[in-house]
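Hi everyone, thanks for coming.

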Amino acid sequence: MSVIVPVILCGGGGSRLWPLSRKSLPKQFLPLVGSQTMLQETLQRVAPSAGFASPVLICNEEHRFLVAEQTRATGIQPAAIVLEPVGRNTAPAIAVAARAVQDVDPHALMLVLPSDHVIGKADEFRAAVAAAAASAADGAFVTFGIRPTGPHTGYGYIEAGDVAGDGLFAIRRFHEKPTLQTATEYLDAGGFYWNSGMFMFPVAGILQELDALAPDVFRAALQAYGARSADLDFVRLSRAEFEEAPDVSIDVAVMEQTRRGLVMPVDIGWSDVGTWDALWEISPQDDTRSVIVGDVITNGVTGSYLRSEGPMVAAVGVEDLIVVATRDAVLVSSLSHAQDVKKVVESLILEHRSEAETSDTVYRPWGNYTGIDLGERFQVKRIVVEPGKKLSLQMHHHRAEHWIVVSGTAEVTCDDRTFLLNENQSTFIPQGAVHRLANPGRIPLHLIEVQSGSYLGEDDIVRIADEFGRVAG
């Protein structure tokens, strides 16, 4: 039996799930439907313990440490984490992944999975993968079509043709997201399935077909991979070569043209969790058909999704409503207009509002920090440093810092001194001092940082030494 290598695509912004999902922390890195993030749940479904090979992950440079840390937390060792220098859609990403898989096993099958989907029936999913593997090993390109539960207008559709094997059909045509009337006609006609974006390819076959059908994608991806470099635990593609790749999906580049394509209809409890109403549909609902998450108090609420990640939210006498509150933003929408949340994000981007892209909690390879207060010439942050981690050795031209340890132990370097701080102890880092913060303990270090000075931007960091290979930010 051929080895199946999962290829997990970690891109995507998830703007329809704003304000929780943002460019700096999109939905795949959030625990939206359980205690684990969506990326972690994807990894667990195709873990080596379930018979799969070690995965290849494709992500952008900005999220590399999130991907590495969340993967590490699952206990799964990836075959590679490949960094895209720029976003170029799924065809170039899959072409690069195919070369990485080819280095693992040139006879392998690659199972391409988005990292931001929910699959409620993991056993049925793995059974479908096993059934598709035989055809893929014979050269077929199998895509998994979701049996529709209604005339959904937010998904593309795959129209099935003639029977091509046990549970498999030839692909007659791909269809873009339809109108409600067209989607209803699809369901009435039968033989139409939601396009899940999940594929199984023989690695040699997909490379051959990319070369034949999308030579610009094939050439740019292979040149970028051929000029790759190692960066800590990551594989960094060559920017100049990868930028030459067309921005095109694998559907358009290959699947709509190839004669090898087959669709396998499946019922696996799938959702792409693309909108708040989709999350409402798949989340456990109370006897009022409402989903309540976080510090929320209700009275007379029905059929609503209410979530707080910060302030207490009180709702009275509302129905069919979405309310999502974070520390720095609140979304209020009807369930029927959940698709339009993306328009809010577009407006925020046009107005150059930071809330469009970043949240008040920012994740770094050593931990995270949360903005608490910001005023004229001062800023307050809560900093968490994970056990054994350290920040870069650095200095600031325009600000001084006060550090107060809330819990844990801090190892502080300030110019020529290195010393320990314990709970309730503090220190002062003068402007221009070369300094470093580290956690030598076994529990997370929690610290309050008060910055003061004429400029408090994150770009006022001069890195002198950094174990994560960063030079700025």
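How many nonpolar, polar and charged residues does the lining of the largest cavity have? The lining has 7 nonpolar, 6 polar and 9 charged residues. In this scheme Ala, Val, Leu, Ile, Met, Phe, Trp, Tyr, Cys and Pro count as nonpolar, Asp, Glu, Lys and Arg as charged, and the others, Gly among them, as polar.

Before going on, some background. This is a predicted model, where local features need pLDDT of at least 70 and side-chain atom pairs count only at pLDDT 80 or more, while totals for chains, interfaces and linings use all residues. Residues are numbered from 1 along each chain as its sequence is written, and side-chain values use heavy atoms, with hydrogens and water left out.

Now, what is a cavity? On a 1 Å grid over the protein atoms alone, it is a set of points where a 1.4 Å probe fits but cannot get out; a pocket is an open set with protein on both sides within 12 Å along at least five of seven lines, and lining residues have an atom within 4 Å of a point. Points are joined across faces, edges and corners, and a volume is the space filled by probe spheres set on them.

There are 2 cavities of 30 Å³ or more. The largest holds about 230 Å³ of space. Of its 22 lining residues, Trp366, Leu391, Gln394, Glu458 and Ile461 are the closest to the centre. Strands β22 (378-385), β24 (399-407), β28 (435-438) and β29 (445-453) each give at least two residues to this lining; strands here are DSSP E runs of at least two residues, and helices are H or I runs of at least four, numbered from the N terminus.

Pairing requires at least two DSSP bridges between two strands. β24 and β27 have 4 bridges, and His402 stands opposite Phe428 in β27.

Let's turn to the second largest cavity, with about 40 Å³ of space. Its lining includes Thr42, Arg45, Leu113 and Phe125, and α1 (38-45) and β4 (109-114) each supply at least two of the lining residues.

Finally, the second largest pocket has a volume of about 1,200 Å³. Which helix gives the largest share of its lining? That is α2, with 6 residues.
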